[in-house]
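Me: I'd like to go through this model with you, bit by bit. Could you start with what you mean by a salt bridge, and then we take it from there?

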Amino acid sequence: MDPLFESLNPAQCEAVRHVEGPLLVLAGPGSGKTRVVTHRIAHLLREGVRPSEILALTFTNKASDEMRSRVETLTRGARVWVSTFHRFGARLLREYASYVGLTPNFTIYDTDDARQTLKRVIEAGRIKTAHYSPERIAAAISAAKNQLVTADRYEARVGSPLSHVVAEVYPAYQKRLLASSAVDFDDLLLHVANMLYQNAEVRAQLDARYRFVLVDEYQDTNRAQYVMLRALSVDHPNLAATGDPDQSIYGWRGADIKNILQFESDFPTVKVVRLEQNYRSTKSVLRVADQLIRSNLRRKPKSLFTDNEVGRPVKLAQYATQDDEARSIADEIA
């Protein structure tokens, strides 16, 4: 048997062998989704796709480093661009800085730099913050950017004192960033998404450059990331999304579960593969988890199973406070 496929189950093989066209891999917990992504990259290379035409995106440096290492091992050192969304955004902004009013050597502010800039803007403009902290205001600006609401389009809402403060601070803050040829972390996505949406020629260039785009944890994408991915998958709709609506836990930071739920509407010709075999948990854990998650309304149904042992029965523990819970877990681990 082909060594690339000998460690894969039938569903994993089906996903890995897919080449042209959109792909949605619904991957249950512990189902080997990272293995599928990396093996599919290796298969694409064997099918004649150039490394420079493949883009793999994930959310953390740790995940991207692990994925890159696995790809290099499988392909004997092929240099595929495996990146976080923000690192990818920074790379594109360096190349197309003038399209968003920046210079190529712009500065990326970390959280502390961005907070200090925000404070200076508030002080210089003598803006009344209604006792909202800079951190609270920054969080509201971040949420707006993740939804692609630019400073000139932000509107205060009736009954929301914070939004009235943000409506005054946000434009001044963004003006200061551009004057300093600087961006904050959220701008790395906001600027790129808007550039791709507003410049058809740039969008087409990048769509042709990255013919095969693979995304891990697609259920955690926000509006800005969604627009970026859709823009890169128009002329070459080879977007491969791997994720699971049941594992969507980052709505509080802008993740939109609709992105994965509507994938089949966005790409009517999509191939859907379900990874339902769990390699991590016991039968007892999987049975309880499956019964619990079935109560979710916004999901893609799956039938999870495992060949692992039954294991000990799941214990339900209740605590009076979160401190009691944390202390009990720490004692159990110790």
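Reply: A salt bridge here is a side-chain nitrogen of Lys or Arg within 4 Å of a carboxyl oxygen of Asp or Glu. Please keep in mind that this is a predicted model. By that rule the count comes to 21 salt bridges, and one of them joins Asp 65 to Arg 68, with the closest N and O atoms 2.9 Å apart.

Me: Where do Asp 65 and Arg 68 sit relative to each other along the helix?

Reply: Both belong to helix α3, which covers residues 61–75, and because they are three residues apart they are separated by about one helical turn. In general, an α-helix has 3.6 residues a turn, so residues three or four places apart point the same way. Asp 65 itself is partly exposed, with a relative accessible area of 39%.

Me: Which residue does Glu 66 pair with?

Reply: Glu 66 forms a salt bridge with Arg 70, where the closest N and O atoms are 2.6 Å apart. These two also lie in helix α3, four residues apart, which is about one turn of the helix. Glu 66 counts as partly exposed at 38% relative accessibility, and Arg 70 counts as partly exposed at 32%.

Me: What does Thr 38 touch, sequence neighbours aside?

Reply: Leaving out residues up to four places away in sequence, Thr 38 touches Met 67, Arg 70, Val 71 and Leu 74. Thr 38 lies in helix α2, residues 33–46, and it is buried, with a relative accessible area of 0%.

Me: OK, and which salt bridge links distant parts of the chain?

Reply: Lys 300 and Glu 264 meet through their side chains in a salt bridge of 2.3 Å, N to O. Lys 300 is in the loop between α13 and α14, whereas Glu 264 is in helix α12 (residues 263–266), and the two are 36 residues apart. Lys 300 counts as buried at 11% relative accessibility, while Glu 264 is partly exposed, with a relative accessible area of 33%. There is also a network, in which salt bridges that share partners join Glu 20, Arg 50, Glu 53 and Arg 211.

Me: Switching to α10: is it mostly covered or mostly open?

Reply: Helix α10, residues 223–231, is mostly covered, with seven of its nine residues buried. The buried ones are Ala 224, Gln 225, Tyr 226, Val 227, Met 228, Leu 229 and Ala 231. At the N-terminal end the helix is capped by Asn 222, which has a side-chain oxygen 3.1 Å from the backbone nitrogen of Ala 224.

Me: What is around Tyr 226?

Reply: Tyr 226 counts as buried at 8% relative accessibility. Not counting residues up to four places away in sequence, it touches Tyr 218, Asn 259, Gln 262 and Asp 266. With Gln 262 there is a side-chain polar contact of 3.0 Å. Tyr 226 and Phe 59 are 167 residues apart in sequence, yet they are 13 Å apart in space, C-alpha to C-alpha.

Me: How is the protein divided into domains?

Reply: Domain 1 takes residues 10–90 together with 190–279, domain 2 takes 107–180, and domain 3 takes 281–333. The C-alpha centres of domain 1 and domain 2 lie 32 Å apart, and their contact takes eleven residues from domain 1 and eight residues from domain 2.

Me: Last one, which residues make the nonpolar surface patch?

Reply: Val 285, Val 288 and Val 314 make a nonpolar surface patch of about 210 Å². Of these, Val 288 is in helix α13, residues 283–293, and it counts as partly exposed at 36% relative accessibility.

Technical notes
Residues are numbered from 1 along each chain as its sequence is written. This is a predicted model: local features need pLDDT of at least 70, side-chain atom pairs count only at pLDDT 80 or more; totals for chains, interfaces and linings use all residues. Side-chain values use heavy atoms; hydrogens and water are left out. Patches are made of residues with over 30% relative accessible area and no salt bridge: like charges are joined within 9 Å, nonpolar side chains (Val, Leu, Ile, Met, Phe, Trp, Tyr) within 5 Å. Accessible areas come from the Shrake-Rupley method with a 1.4 Å probe; for residues, only the protein chains shown count as cover. Buried means under 20% relative accessible area, exposed over 50%, partly exposed in between (1.4 Å probe, protein chains only). A polar contact is a pair of N or O atoms within 3.5 Å; within protein, one must be able to donate a hydrogen and the other to accept it, and residues adjacent in sequence count only if both atoms are side-chain atoms. Domain bounds come from an automatic or database domain assignment. Contact means heavy atoms within 4.5 Å.
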